[in-house]
Amino acid sequence: MDPRGIGMTSQRTRDRLVGRLLERGISNSDVLSVIREMPRHLFVDEALASRAYEDTALPIGHGQTISQPYIVAKMTEILLEGAARGKVLEVGTGSGYQTAVLSQLVERVFSVERIAPLQNQARERFYQLKLNNIKLKHSDGNWGWEWYAPYDGIIVTCAPEQVPNELLLQLAPGGRLVIPVGGSSGQSLRVIDRIEDRYEEVELDAVSFVPLLSGQV
Ligand code: SAH
């Protein structure tokens, strides 16, 4: 498919999405311009391409979803406000859309995914879009990715019941972790800053992510 898009995937449709994100309070102009350029329709099945610029999560198979553009923008904005733009770890590659957005804003992105076919599709997309500052790993993100730690920022796109300890340990001093936390009774977005060996946590809005599961498939 053409990355430039036509009709429902055209630049005008993308600009409308950015307008909507502005209205909802996203103000970081770097984040907005990356979302304006990023062909989200290449991150979903062709049958869903015409809905790719709606501000909504969409199914990507294996019971998973591509995150809503607003939440991608919000989490990215929060991460950039509080972390250096060096190395970022993402847990839950999924379609690769959040990964691709991050890759345009920080030096290097490391992303782990437990479902191999999703990871392979994401890898293809990065290759097609010539995004070459992304490294992928097929593993359980509960354990982070120790080899490249510490990270300036960590973003988690699935919700654990509690913050995995390894992620806290792999955060650089001065780094920021953005993570949805909670179970079936509700989740909220948390922002955790590491200041030397102390952690400061702020709880933000209620959110709705797929659960963080253990093991890999
Ligand atoms: N950022 C992705 C979100 C995909 S949904 C996107 O916008 O497309 C969340 C992803 O987290 C799913 O692909 C799911 O398989 C993955 N996931 C869940 N538990 C995980 C774990 N323990 N380790 C790594 N990935 C996990």
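A residue counts as near a molecule if one of its heavy atoms lies within 4 Å of it. With that cut-off in hand, select the ligand in this predicted model: 24 residues surround the ligand, and the closest are Ser-95, Glu-113, Asp-140, Gly-141 and Leu-213.

Stay at the ligand and select Ser-95, one of whose polar side-chain atoms lies 2.6 Å from an oxygen atom of the ligand. Next, show the backbone of Gly-92, where an N or O atom lies 3.4 Å from a nitrogen atom of the ligand, and then the backbone of Arg-114, where an N or O atom likewise lies 3.4 Å from a nitrogen atom of the ligand. Of the 570 Å² that the ligand exposes when taken alone, the protein buries 99%.

Now move to strand S8, residues 186-195, which runs antiparallel to S9 and is joined to S9 by eight bridges. Select Gln-187 to find Val-207 of S9 standing opposite, and then follow S8 to the hairpin that S8 forms with S9, where two residues lie between the strands and Glu-196, in the turn, has a positive phi of about 55°.

Because its relative accessible area is 41%, Glu-200 is classed as partly exposed, a class that lies between under 20% for buried and over 50% for exposed. Its side chain makes a polar contact of 3.1 Å with the side chain of Arg-198, and, leaving aside residues up to four places away in sequence, Glu-200 touches Val-191, Ile-192, Asp-193 and Ile-195.

As a last stop, select Phe-126, 74 residues from Glu-200 along the chain, with 34 Å separating the two C-alpha atoms.

Terms used
Residues numbered from 1 in each chain as written. Predicted model: local features only at pLDDT ≥ 70, side-chain atom pairs only at ≥ 80, totals over all residues. Heavy atoms only, no water. Buried < 20%, exposed > 50% of the residue type's maximum accessible area, 1.4 Å probe, protein only. Contact = heavy atoms within 4.5 Å. Polar contact = N/O pair within 3.5 Å; in protein donor to acceptor, adjacent residues only side chain to side chain. Pairing = 2+ DSSP bridges. Helix = DSSP H or I, 4+ residues; strand = E, 2+ residues; numbered from the N terminus. Areas by Shrake-Rupley, 256 points an atom, 1.4 Å probe, with all protein chains shown as cover.
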